[in-house]
Each structure stands twice: as C-alpha cells, then as structure tokens.
Amino acid sequence: MNRQDIKKDKNLPVSITKLRISTSQPGILRPVPAVARYLAFSLKAGVNPREPLRELCDVTDGDRVVAGIGASLARALGSNIEGLRAFPSHTGAGFDVPSTPSALWIWARGEDRGEVFHRSRLIERKLARAFRLEQTLDAFRHDRGRDLTGYEDGTENPKGRRAQLAAIIQAPSRLASSSFVAVQQWEHQFGRFDAMTPRQRDDAIGRRRSSNVEINNAPLSAHVKRTAQENFEPAAFVVRRSMPWADAMRAGLVFVAFGCSLDAFEAQLRRMVGLDDGITDALFKFTRPVTGAYYWCPGMRRGRIDLAPLGL
C-alpha cells in the first residue's frame, strides 16, 4: 500500500497509516540520466549477505542508485519473491539470447561521470565482504535519447499513471511499490549496420530514422511490429530505460525494461525470437544480446530500499 492509496481511502483505520508506507524507487520512472554505471555482483560462497545488504540500504536512494535483487540472492536469504525467475535463453537461426543471471544489480545514475564512478566504488566497498563484482558497464545518454544507430529508443513508453501501472506492483500485493526489471547488454555490429541501405535500416526498425514516424507497411520482421505492446493479449506494456554503452572497441545498448511482472517482457522476447509465428526480429541482422538477467527492485521506505519482503 502506498501513500496515495491511504489518502484516497478515508475509511481505513488510523493504525493502518502507522504500518509500512512504501513508494517505488524513483529512478525507475524518471528519465534516463546523462551518465550511468551498471554493476552486477555474485554472492560469495559461505558468506552471510544480510549485513552488507543493510549497509547497501544506506547508499541506495532509489534515484541516484537503483538496486535489483536476483533470484539466487533471494533464495540464499530463504525468501521467495513471487514472479521472480530465471531469464529464459533462446537459440535462433544464427543468434543466441543468453541467460547470465547474477545475485545483485546496481544502476548508478547521475549527471557527472566522476561522481557516478566514486559512488559505484563506495557501493563495491560496502558489499565486498559478501559480494564479488562480476561486471561493470558505463553508459550515457546520446542525442536526446537515441540509440547509437540513430534511432530513438522507447518511443512507445507509457506515460504518467499508465507508466506507473505498467512498471510498479500495486496494492494489495505484499510486493506493492516494487518492480521487476529485465536487463540485457546488446552489442551492435556496426559493419553490418553500415552495409545496409537507409531503407533496409528503416525496415528493420519499423520507423524512419529521419522523423521517427512508424512505417505502416514495414515488413512483419520489423522490430516495431514484433514488439508492439498493444498487440499482445493481454497487452505487454513495459517502461524502457535503455542507454547506449561504448568501450574502446565495442558499443551497443543496455536494454532495461521495468514491469509489474516479467510476463510482458517475455511475451515480447518470444515474438522477437520467432517462437510465436516463426518470424525473427530484424534487429538480429546487426545486433546481438550478450547478457540477460531478471531482478526484483524493492520499494522504498523512509528514504531507504525496503528489504522487508526478504526478511531484512
């Protein structure tokens, strides 16, 4: 139950207002920042993670630091987060969609790269007793929210209240105000992309790069047609917060999709890999996912992530 629910129902007993009042991690619904760093941790064998997780609460405000719990960590704590499960792997004609789970995921967000760097070092130190840093990936906002291919990302994101309903679990669930997130690192093959004609690129995406206008007669393999959220039953709405990444030799997109469950993302992924009708998403012509993981993002209580559903 969140604060708005309590305000709306004046018939609730006063004692209810003294119970847990939680909100979602605000970074989930806010626009992507100028820069970000993604951290993925594994859990060290034979170590109790409870105290390091409590220390993580001290530096996780849900805005500059968004945190996600993996299924293995929840189980290590003896807890069951309903709906949290393993990321599905798929193999198609010439491509693989891997499952690369980790125990803990951190999305450090900000406007200054140096500040984000030092904050991520602080997080690593607080977790070091029980967690091993497995991956660090820096990302950035590009050209008003475009992917490095030049196409706008997240055009069909729901807005306002619809975004909240799509991304955040609602009361009366015991997980109210929390969220699930699907995270994939996609690596673009720019040689293949550059070899495509402008028409072939637009047909692969299903939008015109010049105007971002959807192409009505785009091929059925176009990414927009494969993932049109309203064309699923039930509708498969998610809130995308993806960001480009680049290192010395490689680049691509960190795909991040928040949902009140993982079902909507999985429905889209099944259609992308052709499980529904045998048609593969044209994205696979020039990009590949190299990681894939699911996490549960706790709600917030009194300015700290609320780990009560984990027994903490």
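**Figure 1. Packing of helix H2 against helix H4 in a predicted model.** The axes of H2 (residues 50–59) and H4 (residues 113–127) come within 8 Å of each other and cross at roughly 160 degrees. Axes here are lines fitted to C-alpha atoms, for helices over the stretch in contact, with angles running from 0 to 180 degrees between N-to-C directions. Helices (H or I, at least four residues) and strands (E, at least two) are DSSP runs numbered from the N terminus. H2 and H4 are therefore roughly antiparallel to each other (angles over 145 degrees). Contact means heavy atoms within 4.5 Å; Pro-52, Glu-55, Leu-56 and Val-59 of H2 meet Leu-122, Ile-123, Lys-126 and Leu-127 of H4. By class, this contact of H2 with H4 has six nonpolar, no polar and two charged residues. Ala, Val, Leu, Ile, Met, Phe, Trp, Tyr, Cys and Pro count as nonpolar, Asp, Glu, Lys and Arg as charged, and the others, Gly among them, as polar.

The model is predicted: local features need pLDDT of at least 70, side-chain atom pairs count only at pLDDT 80 or more, and totals for chains, interfaces and linings use all residues. Residues are numbered from 1 along each chain as its sequence is written, and side-chain values use heavy atoms, with hydrogens and water left out.

**Figure 2. The hairpin of strands E9 and E10.** Four residues link E9 to E10 in this hairpin. E9 (residues 243–246) and E10 (residues 251–259) pair in the antiparallel sense over four bridges; pairing requires that DSSP finds at least two bridges between two strands. Trp-245 has Gly-252 in E10 as its bridge partner.

Figure 3. Buried means under 20% relative accessible area, exposed over 50% and partly exposed in between (1.4 Å probe, protein chains only). The buried residues are Ala-264, Phe-265, Glu-266, Gln-268, Leu-269, Arg-271 and Met-272. Gly-274, which follows H9, has a positive phi near 90 degrees.

**Figure 4. Pro-219 in the loop between helices H7 and H8.** H7 spans 198–205. Pro-219 counts as partly exposed, at 32% relative accessibility. Not counting residues up to four places away in sequence, Pro-219 touches Asp-203 and Lys-225. Pro-219 and Gly-154 lie 65 residues apart in sequence and 20 Å apart in space, C-alpha to C-alpha.

Terms used:
Parallel < 35°, antiparallel > 145°, perpendicular 65-115°, else oblique.
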